[in-house]
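Open the model in your viewer and keep the sequence beside it. The tour below says what to select at each stop and what is there.

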Amino acid sequence: MSLSRVVLVSVQAIFNGLACTPPNPTPQKLRYHTEEMYILQIAPLIFKIHQIIAYLCAVFEVLYYLRAVIPVPSPFPPVTNLICPASPAPGSSAVHLSPSFVVGVVAVVLGAYIRLDCFKALGHLFTFDLTVHPEHRLVTNRFYAYVRHPAYTGSLMLVFGLAFSHLTRGSWLTECGPLRSERTALVVWAVWWLWTFCVGISRADAEDKQMHKLFNEEWEAYAATVPWWFFPGII
């Protein structure tokens, strides 16, 4: 494992953490779209969980690297086995820098940048649960000038990037961690992506209806100019 992977996986975890941290608390009395299925309402909780998982993966990859560059026998074999039960031979490394990992890091950094820009564009209006403030306004600039729900674009890119980095060969999670089975990793990836996409669709539709109700003709003009939800020309 190279130092460059250690740096990149740490940067990825930090950016993901920033993008998954609510910029504002949710005013519970101002929430809407609370009738959706519970599995779709727990998006803030899932964000927190995969934020923690990303940090844990980064920590274990750093420990894996340190164990390789400082090959000091551990007085506690269980600790060594926790880092990687299937220990590679000296000079070799199961965890390595791969093209899919780099693609994943770029996707996470870009997705985080989009979400952080959305935090800034909406200011105190941005909450992880759907809410309507008394002074709500229709934001149509920055990334909102290209798609109507860029924060969800960022979320999809986060999930895509983390999956490409940690659910493919060469990552700690698939080489040493609990997802050493390719089939298991594929199932986790598919379920994770499907859930994220369903949440995005459900929330985007609810937000459009709510904004249409609040801003009527202004929203109709905006929707005509920006017809795409997440990716221009695709959806």
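Start by selecting Glu-61 and Arg-5: both are buried, meaning under 20% relative accessible area, where exposed is over 50% and partly exposed lies in between (1.4 Å probe, protein chains only). The side chains of the two join in a salt bridge of 2.6 Å, N to O; the term stands for a side-chain nitrogen of Lys or Arg within 4 Å of a carboxyl oxygen of Asp or Glu. Glu-61 belongs to helix α3 and Arg-5 to helix α1, so the pair ties together parts that are 56 residues apart in sequence. Helices (H or I, at least four residues) and strands (E, at least two) are DSSP runs, numbered from the N terminus.

Before going on, note that this is a predicted model, in which local features need pLDDT of at least 70, side-chain atom pairs count only at pLDDT 80 or more, and totals for chains, interfaces and linings use all residues. Residues are numbered from 1 along each chain as its sequence is written, and side-chain values use heavy atoms, with hydrogens and water left out.

The structure holds six salt bridges. Select Arg-148 and Asp-208 for another one, with the closest N and O atoms 2.7 Å apart. Arg-148 sits in the loop between α5 and α6 and Asp-208 in helix α8, so this pair ties together parts that are 60 residues apart in sequence. Both Arg-148 and Asp-208 are buried.

Next select Lys-209 and Asp-205, whose salt bridge has its closest N and O atoms 3.2 Å apart. These two are four residues apart in helix α8, so about one helical turn separates them. Is Lys-209 buried or exposed? Lys-209 counts as exposed, at 53% relative accessibility, while Asp-205 is partly exposed at 32%.

**Helix α3**

Now select α3, residues 43-69. The helix has 27 residues and reaches 39 Å from first C-alpha to last, close to the 39 Å expected at 1.5 Å a residue; the expected span is 1.5 Å times one less than the number of residues. Its buried residues include Phe-47, His-50, Gln-51, Glu-61, Tyr-64 and Arg-67.

Leu-63 is also in α3, but is partly exposed, with a relative accessible area of 35%.

**The core**

Which residues touch the most other members of the largest nonpolar core? Select Tyr-64, Leu-122, Phe-126, Tyr-144, Leu-167 and Trp-219, out of 55 residues in that core. A nonpolar core is a set of buried Ala, Val, Leu, Ile, Met, Phe, Trp, Tyr and Cys residues joined through side-chain atoms within 4.5 Å. The largest share, eight residues, comes from α6.

Stay on Tyr-144: beyond its neighbours within four places in sequence, Tyr-144 is in contact (heavy atoms within 4.5 Å) with residues including Cys-118, Val-139, Pro-150 and Tyr-222.

**The whole chain**

Finally, zoom out. The protein has nine helices and zero strands, and its C-alpha trace spans about 70 × 35 × 30 Å along the principal axes. Of the 235 residues, 48% are buried.
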